[in-house]
Amino acid sequence: MIVINMKTVAALVSCSLLTMAANAALLPSTQTDSEWFKASALKVAEKTEQQTKEKAKNVILFVGDGMGISTLTAARIYQGQQVQGNKGGEENFLSFENFPNTALVKTYNTNQQTPDSAGTMTAIATGVKSKAGVLSVSDTSLRGNCLSSRGNELVTLVDLANAKGLSTGVVSTARITHATPAATYSNTPERNWEADSNLPTEAVANECQDIAYQLVMRDEANALSVALGGGRRNFIPDTVTDGEDKSGRRADGVDLTKVWTENFTNSAYVWNKAGFDAIDTESTDHLLGLFNSSHMEYEADRADDTGGEPSLTQMTTKSIDILKKNEQGYLLIVESGRIDHAHHAGNASRALADTVELSNAVQAALDNTDPEETLIMVTADHSHVFTIAGYPKRGNPILGLVHNVDGNLASADDGKPYTTLGYTNGPGAVIGLRDDLTSVDTQDKDFMQQALIPMGSETHAGEDISLHATGPGSHLAQGVIEQNVIFHIINQAQSLDGTKY
């Protein structure tokens, strides 16, 4: 918990300003009277008054898939320009950017300089860095080889929390069997083994199980209390058509949604928003929600979904309502999975909208938990080659064309205008002459930003991402850290394995 005595803070700020005013030769009143000056002095004064508890009853970890630093910057401006009217948006903060503790996180995999989500989330979930493409198995395993992974399975945060008697939940706007959420509850040498129909002959012969099977077929004592996301096709037989007229992908004929309700007490399965809204959290102890055949919709498109989907904020709050019934505490992991997908498509608008929705979900978690007993952390698994460039005037629409400080439209050396946001590579690149964007609505949600290097899918980036933390144990989020340190911060805060560092 972070405790701040605002009377003391006010006194410190007043004293600081009086001291500076007394030395007017160094700091004139035009400087000390500045709102920028006073606001930053207040931030430092608040820091001096922070007191942090070490132990957390509950932990909520938010992961923005692909949410690099440039995405945060652009999203805060995007949100600010929507909310703040005539203000520029640059002065806005996403909800978690106000957290008192922040660290930079190195994201490389053991075999890749620029990582993938499987290896990065394995580091977060197990405390051990591993290869790209593998989920919670050590890097001695060969990707895609079942036999090599046997005996190399790693224990995850979910396993440890369940063993301690805590309730656990995993939420994602991607398929719940996709790499980031799957690393929290499954062990497999291949992230693409989401359904049994994806398993090669070698994997079947050596008795590896698909990811959806591993989610559902956990002992009740080690079962997830909440699993919400997309990926319905991986849980139902290929002979079955779901409520949105999409076929399943299971070749074994097993309907895992029915197994879920049969295996666990006070359990429920829902596939649309109506069913989700009807859930009584007091009487439901195990909730499986699969809201799309594949990934859930982007936040910008969610209202158009056939069956209707809950928002990330709604899934987060309902998860908390179910998990908080456990007096011993809980661990909840929430992924905004489609930030990543929008970036891969070279589509900044949808990426930023999903980032803002993640910020909303974090705020909802803050509003629905006790800050004295809940550690909330927000991070990413990796970044993207997403850039903020040119010299646009303050307040220039973040999705718009660059206008200089004098208000005139900026142009590149080819005489054509350009957008503030762009990508180093991706589908927005053109071989040959660059398109003239003068008459193009670059703020349309379908607009694809221009890119330098032509690729069918924009790539991840290798630079550090950020970690933001508040609540008990949050003081451990500081400096530049390896990604697997996040596991140990959570482990320390909840004493999951009994280790005292």
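Are Phe 276 and Phe 291 buried or exposed? Both are buried. I will come back to them after a word on the model.

This is a predicted model. The average pLDDT of the chain is 93, and 92% of the residues score at least 70. Residues 17-24 are another matter: there pLDDT stays under 50, and the model has six contacts beyond four places in sequence for that stretch.

Now the rings. A pair of aromatic rings is described by two things, the distance of the centres and the angle of the planes. This structure holds three aromatic pairs. I will go through two.

One is Trp 260 with Phe 264, an edge-to-face pair with 4.9 Å from centre to centre and 80 degrees between the planes. Trp 260 and Phe 264 are both buried.

Back to Phe 276 and Phe 291. Why is this pair called edge-to-face? The planes of the two rings stand at 85 degrees, with the centres 5.8 Å apart, so the pair is edge-to-face; the cut-off for that label is an angle over 60 degrees. This pair links distant parts of the chain, 15 residues apart. Phe 276 is in helix H12, residues 273-278. Phe 291 is in the loop between strand E8, residues 286-290, and helix H13, residues 312-323.

Last, charges over rings. Which residue has its charged end over the ring of Phe 276? That is Lys 318, with its charged end 4.5 Å from the ring centre. So much for Phe 276. Elsewhere, Tyr 298 has Arg 338 over its face, at 3.9 Å from the ring centre.

Technical notes. Residues numbered from 1 in each chain as written. Predicted model: local features only at pLDDT ≥ 70, side-chain atom pairs only at ≥ 80, totals over all residues. Heavy atoms only, no water. Phe/Tyr/Trp six-rings, centres within 6.5 Å; stacked < 30°, edge-to-face > 60°. Buried < 20%, exposed > 50% of the residue type's maximum accessible area, 1.4 Å probe, protein only. Helix = DSSP H or I, 4+ residues; strand = E, 2+ residues; numbered from the N terminus. Lys NZ or Arg CZ within 6 Å of the ring centre and 35° of its normal. pLDDT = per-residue confidence, 0-100. Contact = heavy atoms within 4.5 Å.
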